[in-house]
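Trainee: I would like to learn how to read some features of this model. Where do we begin?

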Amino acid sequence: MNPETVAVGTGRRTAYLVVLVVLPLLLVALAVPAAWGWGIGVRDVVIAVVMYLVSIFGIAIGYHRLFTHRAFRCRRPLRIALMLAGGMAVEGPVTLWSAEHRRHHKYADREGDPHSPWRYGESGLALLRGMAHAHVGWFFTARRRSNRRHWAPDLLADPDVRRFDAWYPAVAALSFALPAVAGGLWSMSWTGAWTALFWGGLVRYAVVHHVTWSVNSIAHTFGDRPFATRDRSSNVRWVAMLTLGEGWHNWHHVEPTCARHGVLRGQLDPSARLIRWFELAGWAYGVRWPDPARLERVSRIP
Ligand SMILES: [Zn+2]
Ligand SMILES: [Zn+2]
């Protein structure tokens with residue numbers, strides 16, 4: 001029997017804090033003089049936007065909907081591509097990400113949830129503290145992390161996933177090497193490589209992190225809750241747009257295995273759209289699309 005959590009040492013928690021918070025913030029601060037000094041050209045914008053889309057789709061479709069929730073099945077090349085795309089977000093190996101997230105769903109906004117904004121209470125200050133904890137604080141404060149052997153034995157049994165996790169540091173390095181190489185080749189200059197590394201690598205990964213984390217902090221605090229759930233999951237349009245569909249978080253907690261999160265009228269879900277295209281191309285199959293009858297039944301709206 002594998003315990004739900006395993007201990008995390010101070011060294012590792014400090015590393016989380018430095019890599020996930022301190023370093024990206026420093027880099028964003030550096031971006032200000034850099035922006036004045038070099039400016040940002042069309043080339044860097046294009047590279048940064050492409051890297052952003054790859055990272056966010058990789059997390060939303062790959063890490064989250066495919067590997068964590070099994071919302072669809074797909075051919076091996078696409079599975080590997082989605083895993084690599086998720087790796088570009090530099091949010092850890094897929095087994096660890098899935099383990100933390102599966103525990104979040106089991107205990108959402110209750111004792112045991114690794115990142116609930118309601119952890120410290122409902123009053124203004126407690127909620128502010130809780131949001132900081134849900135957004136990023138938990139990376140450092142959690143003395144125990146979710147045990148992969150308990151939460152993700154299916155992923156640990158998958159040789160492709162095991163290989164990906166073993167090579168994870170190289171994948172993370174690729175997240176920075178790719179934009180640098182693209183910028184260098186595009187401009188045929190070292191300066192082009194540096195500015196692309198800066199904007200498409202460093203600034204982009206800092207932004208991707210905060211956008212992803214806003215699902216945990218914002219979309220469990222503000223927004224509307226058309227569906228009745230035991231937790232405080234909610235829908236926030238701007239979060240949904242930045243996360244390419246993940247901010248329609250209320251339905252996701254009703255039916256975590258559903259491939260579509262934005263199920264109501266006007267809720268654009270680019271990740272679901274892309275899964276649909278994969279399905280039409282024959283690369284994805286067994287997609288769990290929402291059942292209209294069930295949607296009707298659980299909706300609070302008459
Ligand atoms: Zn949630
Ligand atoms: Zn989920």
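Mentor: Begin with Leu244, in the loop between α11 (237-242) and α12. Helices are DSSP runs of H or I with at least four residues, strands are E runs of at least two, and both are numbered from the N terminus. This is a predicted model: local features need pLDDT of at least 70, side-chain atom pairs count only at pLDDT 80 or more, and totals for chains, interfaces and linings use all residues. Residues are numbered from 1 along each chain as its sequence is written, while chains are lettered from A and ligands numbered from 1 in the order in which they are written.

Trainee: What is the phi of Leu244?

Mentor: First the general idea: most residues other than glycine have a negative phi. Leu244 has a positive phi of about 55 degrees. Asp109 also has a positive value, near 60 degrees. Asp109 sits in the loop between α4 (94-107) and α5 (124-141).

Trainee: Is Leu244 buried or exposed?

Mentor: Count C-beta atoms, placed from the backbone: 20 or more others within 10 Å means buried, 12 or fewer exposed, and in between partly exposed. Leu244 is buried, because it has 23 C-beta neighbours inside 10 Å. Asp109 is buried too, with 20 other C-beta atoms within 10 Å.

Trainee: Which residues does Asp269 touch?

Mentor: Contact means that two C-beta atoms, placed from the backbone, lie within 7 Å. Leaving out residues up to four places away in sequence, Asp269 touches Gly245, Trp248, Arg260, His261 and Gly262. Asp269 lies in the loop between α12 (249-254) and α13 (270-280). Asp269 is buried, with 23 other C-beta atoms within 10 Å.

Trainee: At what angle do the axes of α2 and α3 cross?

Mentor: Axes are lines fitted to C-alpha atoms, for helices over the stretch in contact, and angles run from 0 to 180 degrees between N-to-C directions. Helix α2 (residues 42-68) and helix α3 (residues 76-87) cross at roughly 120 degrees, and their axes come within 7 Å. The two are therefore oblique. Under 35 degrees is roughly parallel, over 145 roughly antiparallel, 65 to 115 roughly perpendicular, and the rest oblique.

Trainee: Which residues of α2 and α3 meet?

Mentor: The α2 side includes Val54, Phe57 and Gly58, and the α3 side includes Arg79, Leu82 and Met83.

Trainee: How much of the chain is helix over residues 166-186?

Mentor: There the chain is 95% helix and 0% strand, with end C-alpha atoms 32 Å apart. Over residues 45-66 it is 100% helix, and the ends are 29 Å apart.
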